[in-house]
Amino acid sequence: MNKKEERILDLIGFPKIKAKLDQNESPFNVPEEILKEAADSLKYLNYYPTEKLYDEVRYLYSEYANVKFENVWLAPGVDLYFDEYFYHFKNKGLVAAPRPTFFLFEKEAYHMGYEIIGSILKEPEFKLDHSFLNYSKQADFSYIDNPNNPTGNLIIEKENFEEIVKLNKPVLLDEAYYEFCNVTFVDLIEKYEKLGIIRTLSKVFCLAGARVTILIAGKEISKIMNKDIMRFRISTTSLLLAKLVLENRKYIYDVIKKLNYEKEKMINEIRKLGLKVYNSYTNFILIYSEIDNLAEKLKEKGILVKDVSFQMGKGYIRVSIGDSETNKYFIEKLKEIKDSNEK
């Protein structure tokens, strides 16, 4: 790494560590030619983003997801969609969600004065049982992340999901990791007007820093999305990056292939160490260990992971899949910690 790169990383506050495996980011970047073209847009940052560009990205994503243009919305982060649901659908202040679920959704729910009710995901399958339907009946709306974060598992079948949307209550389905599992219920959008489905360009499209999140919305959900407000929330540079990656998206299939391959390698190596690791349909894995303060011990060796004990109980960490070199370093240091713990 040269001094210019070090300066840029310092400017953006990037941690000076050996392995950043705590936020489910892609270890790969978008193709260089896309970065160069997007960089040229910086000379126009004195202008607001245009409606034309916002709609072009909506159209490109509708083509990618095989849905109608009018069903697609863009925002800088999933939390803005959470807030729309929390604001527009509040009645009793109850939301049904898996336990555990995406930690940011939990934080937003509590911040907005909601109580979360829902079925506990039990290992090793981490599936939603039939009781979740009863929770959905009680709640103002339901949120389901499928695959689930932090377990990494697919937690609901389509047939059971349809029972929930048939209640004719708002439902928000989070498919942020769709590309890793190829499981989607997007074909239900036309049938159920109160269904919204979350997608993102942060994972396989490698644009986490651009903050481009997509909502594929049924007819009733689209009514609460105000384009005159939404289009000003997202920057020109982020919209342009989104447009370029969607127009040149062949690279994502190589990203998916590499990450799924590295994930299986990681799982096998961790099991060889005698630690419990769960199958995953995402770009992260859930690990259970009886080693005290494992996340902190990894941090001391320059590795950031997500301690999810606040959701799962003591001993659980969530680890993103990095590139081959990073994953190798993680396994080496994990083995060192385990061996030291057993002495």
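**First stop: strand β5**

Select β5 and look at its side chains: F141, Y143 and D145 point one way, S142 and I144 point the other way, and all of them are buried, where buried means under 20% relative accessible area, exposed over 50% and partly exposed in between, with a 1.4 Å probe and protein chains only. In a regular strand the side chains alternate between the two faces of the sheet. Helices (H or I, at least four residues) and strands (E, at least two) are DSSP runs numbered from the N terminus. This is a predicted model, in which local features need pLDDT of at least 70 and side-chain atom pairs count only at pLDDT 80 or more, while totals for chains, interfaces and linings use all residues. Residues are numbered from 1 along each chain as its sequence is written, and side-chain values use heavy atoms, with hydrogens and water left out.

Strand β3 (residues 94-96) pairs with β5 in the parallel sense over two bridges, and V95 stands opposite F141. Strand β6 (residues 171-174) also pairs with β5 in the parallel sense, over four bridges, and here V171 stands opposite S142.

**Second stop: the core**

Now select F161, L195, L201 and F330, which have the most contacts inside the largest nonpolar core, a set of 119 residues; such a core consists of buried Ala, Val, Leu, Ile, Met, Phe, Trp, Tyr and Cys residues joined through side-chain atoms within 4.5 Å. Helix α12 (residues 251-272) gives the most to this core, with eight residues. Centre on F330, which, leaving aside neighbours within four places in sequence, is in contact (heavy atoms within 4.5 Å) with residues including L21, M266, I270 and V319.

**Third stop: the pockets**

A pocket is an open set of points on a 1 Å grid over the protein atoms alone, where a 1.4 Å probe fits, with protein on both sides within 12 Å along at least five of seven lines; lining residues have an atom within 4 Å of a point. Select L9, I12, F14, S26 and N29, which lie nearest the centre of the largest pocket, among its 42 lining residues. To that lining α1 gives the most, with five residues.

Finally, move to the second largest pocket, where Q23, F102, Y177, K203 and R211 are the closest to the centre among 25 lining residues. Colour α5 (103-111), β5 (141-145) and β7 (195-200), each of which supplies at least two residues of this lining.

How values were computed
Two strands pair if DSSP finds at least two bridges between them.
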